[in-house]
Amino acid sequence: MIIVIDGPAGSGKSSTAKALSNQLNIHFLDSGALYRAVTYYWILKGKPDQEKFFDLLPALDLNVDLTNNSFTVWLNGNDVSDDIRSSAVANHVSDIASLPRVRKKVNQFMRELVEQNTFIADGRDLGTAVFPDADLKFYMDASIEERADRRYQEMEASGHAVTRERVIQNLKERDHKDKTRDADPLKKADDAIVIDTTGKTFEEQVAEMAAIINNKLHINS
Ligand code: CDP
């Protein structure tokens, strides 16, 4: 079974999906972390041009550790979970994620991963392109100011040097690229339930979504 949450950066998808995975005891899948890992690989390889990067893609080995409800990303044998949260990665991830060959590789990895278990996954195109038959689809959104505040606080708390203005600029640029790219743009699926988190506490939004999921599980059982 797969539950998906799509939406723009900072809308609360990842933290909500993580909380719900703990509460419901199902696995968490952070698709953005996989795109971030591919972007980190591109940086490690010296930011090659597209053709050269495509030649290097087969040697990119992604892996995830799901023990204790975690989602730890491994790149060619190394845990890169911290490295993928840097500004350097954030500044390039939307460009790397717009490449169809990269999307194909990440999508294939995700589809294989969810075959065996129940997952709650967050991303941009999960309900539309990757898992169009998902059991339950959410689309989370919030105002740009609130999304930027959340992301700024997260990055500051984890020691990444950044200003609020830079965070707003990065979110706006990524929103634009994610919504307008040709390959699987960020878009609400027709059958997704919209959750606007502006002005809501974290606990409120988690409780609202848990109730919807429990209701669905109850109906299906
Ligand atoms: O956490 P945040 O919302 O900032 O971003 P993320 O989920 O870590 O994703 C980083 C970037 O990866 C996004 O801005 C998208 O460009 C890309 N992405 C994507 O294209 N498709 C997905 N399913 C997930 C992320």
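Predicted model: local features only at pLDDT ≥ 70, side-chain atom pairs only at ≥ 80, totals over all residues.
Trainee: How many strands form the open sheet, and in what order?

Mentor: The open sheet is formed by 5 strands in the order S2-S6-S1-S7-S8, and their pairing is parallel. From one strand to the next, the twist averages 20°.

Trainee: And which strands stand at the edges?

Mentor: Those are strand S2 (27-30) and strand S8 (193-196), and because each has a single partner strand, one side of each is left without a neighbour in the sheet.

Trainee: What joins S1 to S7?

Mentor: Strand S1 (residues 2-6) is joined to S7 by 4 bridges, the two running parallel, and Ile5 stands opposite Phe138 in S7.

Trainee: Which strands does H2 touch?

Mentor: H2 packs on the sheet, where it touches S2 and strand S6 (119-123), and its direction makes about 45° with that of S2.

Trainee: Switching to the core, which residues have the most contacts inside the largest one?

Mentor: Leu34 and Phe71 do, in a nonpolar core of 56 residues, and the largest share of this core, 8 residues, comes from helix H2 (residues 31-44).

Trainee: One more: is Lys137 buried or exposed?

Mentor: Lys137, which lies in strand S7 (residues 136-141), counts as buried because its relative accessible area is 6%, under the 20% cut-off.

Trainee: What does its side chain make a polar contact with?

Mentor: The side chain of Lys137 makes that contact with the side chain of Asp191, at 3.1 Å; beyond its neighbours within four places in sequence, Lys137 is also in contact with others, among them Val4, Phe131 and Ile193.

Definitions and conventions
Residues numbered from 1 in each chain as written. Heavy atoms only, no water. Core = buried A, V, L, I, M, F, W, Y, C linked by side-chain atoms within 4.5 Å. Buried < 20%, exposed > 50% of the residue type's maximum accessible area, 1.4 Å probe, protein only. Polar contact = N/O pair within 3.5 Å; in protein donor to acceptor, adjacent residues only side chain to side chain. Contact = heavy atoms within 4.5 Å. Pairing = 2+ DSSP bridges. Axes fitted to C-alpha atoms, helices over the stretch in contact; angles between N-to-C directions.
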